[in-house]
Every structure is written in C-alpha cells, then in structure tokens.
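Me: I have a structure to go through with you. Can we take it piece by piece?

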Amino acid sequence: MSTKVSMTVNGRKVSADVEPRTLLVQYLREHLGLTGTHVGCDTTQCGCCAIHLNGEAVKSCTILAVQCEGADVVTIEGLASPDGELHPMQKAFWEHHGLQCGFCTPGMVMVACDIARRKPDADEATIRHGLEGNICRCTGYQHIVEAVHSGIQAMNQGKR
Amino acid sequence: MDSFGEKFGVGQPVRRKEDQRLLKGGGKYTDDVNVPGQAHLAFVRAGVAHARIKGIDASAALEAPGVLAVYSGKDLETDGVGTVMTDAALKNLAGEIMFRTHRLALPTDKVRYAGEPVAVVVAETAYQARDAAEMVLVDYDELPPIVTAAQALAKDAAAIHDEQPDNICLHWENSTSDAYDAAAKTAHKIVSIKLINNRVIPVPMEPKCCLADMDTKSGRMTVYAPFQGGRRVQGALSEMLFGGDGTKVRHVSDNTGGGFGTRSKIYPEIIAIAYAAKKLGRAVKWSGDRSETMVSDLHGRDQVNEAEIALDPNGKILGYKIINYVNIGAWVTENGARLPVDGGGRIVGGVYDIPVLYYSCKAVMTNTVPTDTYRGAGRPEANYLIDRLVEKAAHVMGIDSRELRRRNYITKFPYKTQMGLTIDIGDFPKCQDEACKAIGWDGFGARRKESEKRGKLRGIGLTSFIEGAGGRPEETMRLRFEKDGTLSVICGTFSHGQGHATVYSQILHDKLGIPFDDVNLIQGDTDTAPEGAAGTFGSRSSQMGGMAIIRAADIIIDKGKKIAGHLLQAPPTEVEFTEGQFKARAGSVSVTEIAKAAHDPAKLPEGMPPGLDETYLYKRASRDDMNFPNGCHACEVEVDPDTGGITIVDFAAADDCGVVLNPLIVHGQVHGGVAQGIGQALTEYLVYDEETGQLLTGTFMDYGMPRAEHFPDMKAVFVPTPSTNNELGVKGAGEAGCCGAPTALVHAVLDALRPLGVAEIDMPLTPNRVWHTIQSARVKGAA
Ligand code: FES
Ligand code: FES
C-alpha cells in the first residue's frame with residue numbers, strides 16, 4: 001500500500017508515492033537523494049536530521065512524510081544561494097571551525113538558523129540552551145557556539 | 001605570493017578547505033552511497049547475554065517476502081571463512097602467553113553478550129530484511145550471565161570460553177612486588193584508593209553502516225564503510241574471504257562521521273556482510289541504527305583500580321602499586337588486553353617521578369561487548385588513577401595539592417619511566433601555572449563565598465596528565481604533481497574530522513611554496529593509497545603523515561635543484577630553493593615549472609628518470625620513539641546540595657601539544673577531547689544489568705551524551721615544548737583532552753563536597769550519585 005504525498009522542497013515542487021510508514025527523513029534521503037540530512041539516532045535525541053518545515057526547525061526523523069502534505073521544506077542543500085554562496089550561518093561555521101567530521105553539521109546549522117529567527121539577541125547561554133536537541137561528538141560545542149553567535153549577528157545585519 | 005606563509009603556512013589558523021562541501025550537505029558518508037540492484041541486510045542479534053545455541057530455525061524467515069538468504073555461523077564455517085584473533089601476545093611473569101580467542105563473525109556454539117550477531121537476513125528491501133529477521137528463531141540453553149570483573153573472578157563463575165575456565169585472559173605484572181614492598185616499609189605514609197573507571201562508548205555520530213558491492217565479473221569486492229584507515233578492512237576481508245589476495249578487496253570511504261578509535265576496528269558485522277555479498281554475488285547494504293551501533297561499537301574503559309602510593313615526610317613519592325582489573329568483555333579483541341599495559345601502561349606514572357613501581361593487571365572476560373580502543377586508549381584511566389592518588393595524598397598530608405604535585409613532577413629530561421619508556425620533553429610546572437592563571441585560582445576564595453551566599457557549594461580542582469602518541473612507527477605518503485599545476489597528497493591516513501587536507505596543505509605551502517589552494521588530498525580509497533599506508537589512529541597523522549610529507553618534499557627539492565641547475569646552467573650546488581622558486585645566477589624557475597620540465601626529456605639532465613613525484617615511507621626508529629602530549633586542566637564547579645546537580649562554571653586547559661600546525665584545528669581537538677572526558681565524568685555510563693546481562697543504557701534516551709549546555713566557555717592555552725622525536729616538533733593533539741578533563745572535574749567536585757565530609761566519589765557524577773553521596777556523608781557526620 002502506498003500513499004501519494006506532495007510538498008515543496010528547497011523551492012521545488014515534488015510528489016511521490018510512499019509507504020505510509022516512510023519518515024520525512026527517509027523521503028528526503030531515499031526518494032529525493034537529499035543526503036545532506038543525516039540520521040544519527042533512533043530516539044529523537046541527536047538533531048542530525050533537523051530541517052525547516054514551514055519555516056521552523058523540525059527533526060525529520062520524527063515526522064512521517066505523509067504528514068507533510070503541502071508543506072514547505074528546506075534542507076541543508078537549500079540554504080546556500082543558488083550561485084553557491086554560503087548562507088551567513090554556514091559561513092560562520094566555516095570561519096569559527098564549527099565542524100570537524102561534519103556529520104552533525106547540517107542539523108546544527110538548520111537549528112542555529114531557527115535560533116536566529118526566534119532569538120535574534122541570543123547570548124551564549126541562550127544558544128547553548130537552544131542547541132539542547134543537537135548532539136555533536138567532535139567539537140565539544142565551543143566553536144559551534146561561537147559560530148552560532150556570529151552567524152546570528154550576520155543574519156541580523158541582513159546578510160540574508 | 002605576497003604574504004608568503006603568513007596566511008596559509010604552518011602555525012596559522014587557516015580555515016579548513018574541507019568545509020565548503022560538508023556545510024552544504026555535500027558530504028558523502030557511507031549511508032549516502034547506494035549502488036543499483038543492492039540488497040539489504042539485517043542482523044539477528046542475541047536477546048540473551050550468555051547461552052549455548054541449540055539450533056537456529058530460519059524457515060519462516062526464508063518464506064517471507066523479498067528474502068534472498070539467511071546465513072548463520074554454520075554457513076561461514078562450511079565456506080571456510082576465517083576467524084579473527086588479536087596479534088597481541090602479552091606474557092605473564094612466568095612467560096606464558098595470554099589467552100586469545102578465535103572469533104567467527106557469527107558464533108556457532110554460544111552467544112556471549114546481549115546483542116551479539118547470530119545470523120543475517122538478506123532481502124530486497126531494508127524493511128523486508130528487518131521484518132524477516134524477527135522471524136528467525138534461535139533456540140538457547142541459557143547460562144548465568146557475568147557482567148563485572150568481580151563476577152567473572154568469583155569461584156563458581158561460569159566460563160565465558162570453555163577453554164579458559166577462570167575467565168582471565170591475562171595476568172600481567174611488570175615485576176614482582178618486592179621492590180615496592182621494600183619502599184613501602186620505609187615510607188612515612190601510604191595513601192590508597194579504590195576507583196571504578198566507568199564503561200563508556202565512543203559514539204561517532206555516524207552510526208555503523210556498510211555496503212559491500214561484489215562485482216562477479218572481476219571477482220572483486222568494493223566495501224564502503226566508515227573507517228579510520230582502509231588497509232585494515234582490505235587486509236582482514238581478503239584474508240577471510242579471498243584467500244589473502246588483497247587485490248580482490250577495495251575499501252572506499254569518502255567521509256566518515258567521527259572515529260575515536262572504534263572506527264579502526266574489524267568487527268564481525270563487516271565480515272558477515274562481505275560474506276553475504278560474495279555468496280549472493282550482489283551488493284549488500286546494512287545501515288545500522290543507533291541502538292545496534294551501541295552494541296556493535298566496541299566499548300571503552302571499564303576498570304576497577306586498587307592502588308597506593310608510598311610517600312616520604314615531604315610528600316615525595318617513593319613507590320606506586322597498582323592492582324588493575326580490566327573488563328575486556330566477551331572476546332579478546334585487538335587491543336582489549338593490550339590497552340592497560342601497552343596503552344595506559346606506557347605512562348602509568350603520569351607526569352610524576354616514580355622511582356619504584358609494581359603494576360599488576362588482570363584482563364578479565366565477561367558477557368559484555370568487548371572493550372577496546374577509545375580516544376585516549378588506556379591513558380585516561382592511567383592518568384585518572386595516579387592523579388586521584390596524588391590529590392588524595394595532598395589532603396591526607398595537609399600539603400597544598402599544587403605544591404605536592406610540584407614536588408613530584410618530572411623535571412629532568414629525557415626521563416626514563418619504570419615502564420622503560422623515555423619521555424623526551426615537557427614542562428609540567430609551567431602547564432600547571434598557566435592552567436591556574438587561566439582559571440583564576442587565586443581569586444577562588446571570594447567566588448566560593450559568593451556561592452555560599454546562594455546556598456551553593458563551590459569547588460576548584462586541577463590535574464596534570466601525559467599521553468604517549470604516535471602509534472605504529474611507519475607511514476607512507478605520495479606526492480604527485482598534476483597536469484593542471486596542482487599537487488596531490490595521496491595517502492592512507494584518513495581525516496574523519498581532523499582537517500588533514502588543510503594541515504597537509506599548510507605544510508606543503510611552507511615547504512614547497514605551492515599555493516594553499518593548489519594542494520589536493522586524495523584519501524579514503526585503498527586503490528589510491530600507497531603501500532605501507534596505515535591510517536589514522538593513536539594521534540599519529542600530523543607526526544607520521546606530516547613527516548613523510550616533509551621527507552618526500554626534501555627529495556623533490558633535491559631533484560628539483562638538479563633539474564633547475566640544468567635549465568639555468570648552474571651547478572646544482574649553486575641552486576637555492578626558497579618560497580617555491582629555484583634560483584641560481586639571476587634566473588629562477590618555480591617548482592611547478594620544474595614539475596612540468598621533469599616530464600620533458602629535453603629539459604632533464606642526462607640519466608635522470610622523468611617525473612618529480614615522490615613516495616616516502618617514513619619510519620620512526622622504534623615504536624617507543626613516540627611523542628608525549630601533556631598538560632594541566634583546571635575546573636571550577638558549583639554543586640546544588642539539594643539536587644546534587646553540578647554546574648561547570650569554568651574550565652581551563654593548558655596543553656602542550658608541541659608545535660601547533662594550525663591553532664584553530666588543535667583547539668578544536670582539545671575542546672572535543674575535553675568534552676568527551678567531561679562526558680565520562682558527568683553523565684556517560686554504560687550500565688549492564690547484573691542479573692540478566694542486558695545493556696540498560698543502549699540508546700541516547702538513557703546513555704547521557706554531553707550537550708552544549710553542560711559546558712562553560714572553555715579557556716584553552718598552549719604551552720608548547722617541541723617534541724624532539726620528529727623534525728616538525730609536533731605532538732599528537734587528539735587524545736590529550738580526555739586524559740585530563742575527567743580528573744579535573746572530579747577534583748573540583750570533591751573540593752566542593754569536602755566540607756561536608758565527602759572524601760571519595762566515582763564517576764559519573766550524576767545528580768543522583770552526588771545527592772546520595774552528600775546524604776550519606778551527612779548521616780555519617782551526624783552519627
Ligand atoms: S536522527 Fe533525528 S534526532 Fe537523531
Ligand atoms: S562535527 Fe562530528 S559530530 Fe559534530
């Protein structure tokens with residue numbers, strides 16, 4: 001049995017027949033080939049799978065594809081501008097060495113953008129709290145927190 | 001090249017060149033790889049911890065939709081698949097070699113830990129494979145499970161392996177205890193301690209995954225799997241499945257989501273997957289989830305230490321005695337028994353001058369996932385033990401712990417340890433000073449008072465530690481000049497977060513004057529890796545890989561001078577090489593021009609073989625010829641006596657990583673190591689149920705991964721003393737952090753709790769444990 005689902009992903013209209021049990025993350029990775037969204041756990045703890053659903057950060061491992069009918073989804077692949085220029089948050093991660101192995105990074109960046117949207121004046125403590133649903137095993141978070149802080153500043157200054 | 005070396009040279013905080021792709025979601029981790037026609041595999045895992053296998057009934061599974069095959073250990077045996085045995089061969093004092101297991105990827109006789117793979121199901125889709133795996137029935141004859149070393153050593157304990165009824169893999173001693181006993185007799189004080197070093201798990205964020213693609217036409221298999229160096233996979237799989245023919249196996253790993261030691265291990269799943277792919281003549285993929293990864297990745301630590309130091313009236317250590325019980329789990333893996341001896345044992349006395357040592361280590365088998373290399377690999381345990389003792393001695397003797405450390409630091413180098421290793425250089429008092437300065441040790445009293453006003457207990461603590469880095473003493477690198485004028489570094493070391501593409505480019509930019517952006521890194525493929533390229537583990541890549549690059553570049557410069565001399569009509573001895581230019585008599589040619597000329601017979605001196613590419617096998621004089629990263633970490637905490645909750649208010653790391661090639665990257669390594677160390681001390685604990693042998697903390701719901709909120713803004717400073725064992729002067733930075741952080745945190749918490757009468761506590765310092773410790777101290781105090 002399969003169900004048809006349609007949504008917009010990174011500005012592109014897509015639709016497919018999926019098994020009802022298909023998770024959004026599986027749909028993104030396996031049907032659309034958008035493998036930048038990662039799966040790091042099976043208990044909604046790690047945040048490697050975070051994407052934007054209708055403008056808000058959501059763990060794509062915890063929502064079914066069929067629940068996203070008609071939704072607007074942005075993944076890490078859709079964040080940089082079409083000419084390849086990094087989004088200010090991505091750029092901040094690069095500047096501040098906010099990634100090592102890079103596995104947690106897409107989820108971190110997506111959630112960081114969400115923090116910027118919700119708390120444009122976030123201080124260090126707010127950022128650390130805001131990242132509580134994202135696990136990184138490599139960086140000790142220090143450079144990530146610095147990156148998010150500076151990424152928020154850049155976003156506030158309208159660098160997109 | 002205007003600002004030569006200023007922006008991109010060695011020592012600069014160069015931004016990583018590998019990041020652009022990773023930041024855009026373009027990383028290619030194993031699960032991102034798919035090949036047409038691939039089948040999917042699921043494991044049938046032991047639901048019990050200890051049992052004889054009476055039979056396996058796969059009939060229902062074989063009938064299930066999409067199922068292609070079910071294989072068990074019997075099939076592997078029939079097809080002559082080999083077993084895995086460690087190459088460790090440690091001996092006891094009587095000269096007897098340790099017990100070693102021969103592990104078949106899927107066991108036929110017994111299961112020895114909960115979660116051990118027993119059979120595989122291959123089907124057309126991943127769902128079908130999983131569903132059918134549930135239908136495989138394994139008939140067990142259950143045995144009592146054993147999960148702790150103490151249980152394993154009990155008189156009537158069941159044997160994990162019938163051939164070794166006492167469950168002891170190795171009882172290693174450095175000597176008899178006579179010398180220590182004599183020293184202890186003359187001592188002013190003996191200070192003893194009993195510690196549990198909690199079992200933890202490395203947890204790279206990328207779960208385990210493997211795709212084995214069998215090409216039936218060529219008879220060659222390509223294996224995609226996250227790994228810290230592909231030669232090992234190639235070696236093991238060709239040994240086990242292809243009669244030792246290495247050309248039949250290729251390993252590829254583009255990006256790997258963290259390693260921490262565990263991604264350097266051959267594990268049974270990868271053998272079973274490759275077996276299935278070969279048998280079916282098809283590509284077979286397994287995407288392990290986190291819960292599976294928690295029982296498949298080898299665990300770390302898990303020691304019980306009973307130790308004492310003997311001191312003279314001034315607090316100088318006269319001797320050190322250690323009785324160590326290491327829980328190595330169900331199988332004797334590559335390093336399980338070796339870690340406490342060859343890993344932690346190397347630096348067992350830490351940064352202290354220990355004139356006499358007695359070290360006894362029992363490696364004990366249990367019904368748990370085997371323990372093996374995890375970041376630090378024996379050194380965090382060793383440092384934790386000696387420094388907890390030194391800290392305790394300071395309190396027992398009423399000497400300031402900073403002063404007692406000072407009185408015992410090794411200060412004369414080179415220093416030969418009781419374990420026979422020579423520490424070349426370090427400045428431990430200076431690291432201590434820097435750490436204390438960074439954390440503001442002197443102003444602590446006022447901060448404590450302020451906390452008291454709010455009803456909180458404040459504590460400060462420090463620790464000094466040392467590491468021994470470098471691993472295997474040889475590594476090969478290849479430098480190849482490309483037609484487009486760029487230079488490729490072709491290697492077997494493998495960057496899974498360390499930023500080798502950036503650091504190697506910095507080294508070559510300095511050495512050969514090649515623009516930073518014109519250096520490429522080719523890694524992660526056994527088809528391109530040079531012979532003799534081992535991989536990345538033991539914090540070895542900057543030292544071993546870096547030195548191989550330097551030596552290869554030296555040869556290139558030498559040859560380049562001859563070619564340049566020929567072109568500029570000067571004797572090679574007159575040619576100078578600076579900033580990428582060969583210069584002689586008013587003329588100059590760049591290294592890239594020379595690389596081109598090297599392929600033009602008209603431009604080469606007579607008799608010179610064409611090409612400027614170079615491959616170099618770098619060897620250290622011996623395995624013991626390593627480098628010794630060290631440092632001092634200081635930590636300040638606030639404890640809420642009502643909840644037992646700990647807030648880390650400050651953390652300062654003064655690290656001696658030798659010459660720092662890229663401070664941004666090395667800071668990142670330090671932060672990461674510290675975070676893993678704090679994790680062990682604060683929240684992480686793999687708990688086995690003693691009755692059932694089940695792992696109780698097998699997901700992120702119940703295994704406490706450290707998160708951003710657990711940490712303060714860390715201060716990290718460098719106190720470099722260049723290593724004398726390599727020309728770069730580097731020391732491996734990767735593992736130092738977790739050698740210091742746990743101890744610093746525990747010392748800070750003990751400092752906070754000491755006024756309540758608390759003298760000891762074991763990791764992890766969860767609120768529950770801290771609260772209980774406070775309560776029992778109060779009860780004792782009231783009695
Ligand atoms: S994969 Fe979604 S939270 Fe871990
Ligand atoms: S960079 Fe490796 S998990 Fe975050």
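Reply: Chain A is assigned two domains, domain 1 (3-77) and domain 2 (88-156). Keep in mind that this is a predicted model.

Me: How far apart are the C-alpha centres of domain 1 and domain 2 of chain A?

Reply: The centres of the two domains of chain A are 21 Å apart.

Me: And how many residues of domain 1 of chain A are in contact with domain 2?

Reply: On the domain 1 side of chain A, 18 residues; they meet 15 residues of domain 2. The two domains of chain A bury about 1,200 Å² between them. Carbon and sulfur atoms give 63% of that area.

Me: Which elements on the domain 1 side of chain A give two or more residues to that contact?

Reply: Strand E3 (50-53) and strand E4 (56-59) of chain A. By residue type, the domain 1 side of chain A has 8 nonpolar, 8 polar and 2 charged residues.

Me: How many salt bridges between domain 1 and domain 2 of chain A?

Reply: The rule finds 0 salt bridges there. For polar contacts, the count between the domains of chain A is 8 residue pairs, both residues at pLDDT 80 or more.

Me: Switching to the two chains. How much area do chain B and chain A bury?

Reply: About 4,400 Å², with 54% of it on carbon and sulfur atoms. In chain B, the residues that lose the most area to chain A are Leu23(B), Tyr127(B) and Met205(B). Together they make up 18% of what the chain B side buries.

Me: How many residues are in contact there, chain B to chain A?

Reply: 52 residues of chain B are in contact with 50 of chain A.

Me: What about salt bridges between chain B and chain A?

Reply: The count is 5. Glu684(B) and Arg137(A) form a salt bridge through their side chains, at 2.8 Å from N to O. Polar contacts across the chain B and chain A interface come to 30 residue pairs, both residues at pLDDT 80 or more.

Me: Which helices of chain B give two or more residues to the side that touches chain A?

Reply: H1 (19-23), H4 (126-133), H9 (290-296) and H18 (663-682) of chain B. H18(B) gives the most, with 9 residues. The chain B side as a whole divides into 23 nonpolar, 15 polar and 14 charged residues.

Me: Now single residues. Where is Val14(A)?

Reply: Val14(A) is in strand E2 of chain A, residues 12-18.

Me: Why does Val14(A) count as buried?

Reply: Because its relative accessible area is 10%, and the cut-off for buried is under 20%.

Me: What does Val14(A) touch, beyond residues up to four places away in sequence?

Reply: Val5(A), Ser6(A), Met7(A), Val9(A), Tyr27(A) and Leu32(A). As for Glu69(A), it is 55 residues from Val14(A) in sequence, and the C-alpha to C-alpha distance is 10 Å.

Me: Over to chain B. Is Asn305(B) buried or exposed?

Reply: Asn305(B) is buried, with a relative accessible area of 1%. Asn305(B) sits in strand E13 of chain B, residues 300-311.

Me: Which side chain makes a polar contact with the side chain of Asn305(B)?

Reply: The side chain of Gln303(B), at 3.2 Å. Leaving out residues up to four places away in sequence, Asn305(B) touches Ile193(B), Lys194(B), Leu195(B), Ile323(B), Asn324(B) and Leu385(B).

Notes
Residues are numbered from 1 along each chain as its sequence is written. Chains are lettered from A and ligands numbered from 1 in the order in which they are written. This is a predicted model: local features need pLDDT of at least 70, side-chain atom pairs count only at pLDDT 80 or more; totals for chains, interfaces and linings use all residues. Side-chain values use heavy atoms; hydrogens and water are left out. Domain bounds come from an automatic or database domain assignment. Contact means heavy atoms within 4.5 Å. Buried area is the accessible area (1.4 Å probe) that two parts lose on being put together, summed over both. A salt bridge is a side-chain nitrogen of Lys or Arg within 4 Å of a carboxyl oxygen of Asp or Glu. A polar contact is a pair of N or O atoms within 3.5 Å; within protein, one must be able to donate a hydrogen and the other to accept it, and residues adjacent in sequence count only if both atoms are side-chain atoms. Helices (H or I, at least four residues) and strands (E, at least two) are DSSP runs, numbered from the N terminus. Ala, Val, Leu, Ile, Met, Phe, Trp, Tyr, Cys and Pro count as nonpolar, Asp, Glu, Lys and Arg as charged, and the others, Gly among them, as polar. Buried means under 20% relative accessible area, exposed over 50%, partly exposed in between (1.4 Å probe, protein chains only).
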